[in-house]
Amino acid sequence: MNTRELFAAEARAERPDLARLCLLLAAEADPALDERAMDRAEIELDRLAGMLPYGLRDARSWAAAVTELLGGRLGFHGTPKDYDRLSSSLLHEVLLRRRGLPILLSVVWLEVARRAGAPVYGLGLPGHFVVGFGDPEDSVVVDPFAGGASLGAGPAELAASPKTPARTLDIVLRILNNIRAWASARPEHSAVALWALDLSLLLPSHPAALRYERARLLVERGSFREGAAELEGYAEIMDAVDKDEAARIRGEAVAARALLN
């Protein structure tokens, strides 16, 4: 199977592997990330987990130990400049550079802690992503982007948000959304936006509107026939929801086909 087939199969597994999905995702951006390189990244996560002390039991001890290792001794954290780099959304690069976006640094925290047996989960906040240890209703929450600093009582959004652990596929979709946002601000990287959309659509559950976004991107990239066909397909979906919107989208498809002449 090729990388996308492996990604789709992993996403549909009974218990999708977060690290594996992140690495298969990264392979779209980095052709050098072959099976052997992915194995090296997984081995590095195992190695980091092996550096944690034995015998930890309560959430606070786990949070302190993982933070002391990753944020302290190894220096994993983020900076504002990391938002400008595609590599900040690629797990193997984050492991190498020890820099990344909040959600990718959280993936490192999650995968290292999970391998060591910690009660850990990801927590998606509006515009940020953090990691919790212990019972979600009474847990210790840390911010990997800030080197694992404890949020304590937390910012207002933490206090107001239900502490529902983020599901693996929701984390992956959020990573892909970040990549699309990065590419949309850089028209010269529309190919990156396209593969991020392609992978998002391989997930078992995704917003239907992504099909429309992909169709428009194809037209923008000059794939008029394929883009028109995708617009028409999305219009069929919209027929059951909003016939006026469906008609408008069909008009976009006609305009796209006209560009073939």
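**Close-up 1. The antiparallel pairing of strands β1 and β2.** In this predicted model, β1 covers residues 120-125 and β2 covers residues 128-133, and the two strands are joined by six bridges. Follow the strands to leucine 125 and you will find histidine 128 of β2 standing opposite. The two strands make a hairpin, with two residues between them. Look in the turn for glycine 127, whose phi is positive, at about 80°.

**Close-up 2. A stacked aromatic pair, tyrosine 212 with tyrosine 234.** Searching the whole structure turns up two aromatic pairs. Tyrosine 212 belongs to helix α10 (residues 209-220) and tyrosine 234 to helix α11 (residues 224-239), so the pair ties together parts that lie 22 residues apart in sequence. Are these side chains' residues buried or exposed? Tyrosine 212 is buried, at 13% relative accessible area, and tyrosine 234 is buried too, at 9%.

**Close-up 3. Glycine 147 in the loop between β3 and β4.** Here the loop runs between β3 (140-143) and β4 (149-150), and glycine 147 sits within it. With a relative accessible area of 14%, glycine 147 is buried, because the cut-off for that label is under 20%. Which residues does glycine 147 touch, leaving aside those up to four places away in sequence? They are Thr67, Gly71, Phe76, His77 and Trp109.

Key. Residues are numbered from 1 along each chain as its sequence is written. This is a predicted model: local features need pLDDT of at least 70, side-chain atom pairs count only at pLDDT 80 or more; totals for chains, interfaces and linings use all residues. Side-chain values use heavy atoms; hydrogens and water are left out. Two strands pair if DSSP finds at least two bridges between them. Helices (H or I, at least four residues) and strands (E, at least two) are DSSP runs, numbered from the N terminus. Rings of Phe, Tyr and Trp (its six-membered ring) pair if their centres lie within 6.5 Å; planes under 30 degrees apart count as stacked, over 60 as edge-to-face and the rest as tilted. Buried means under 20% relative accessible area, exposed over 50%, partly exposed in between (1.4 Å probe, protein chains only). Contact means heavy atoms within 4.5 Å.
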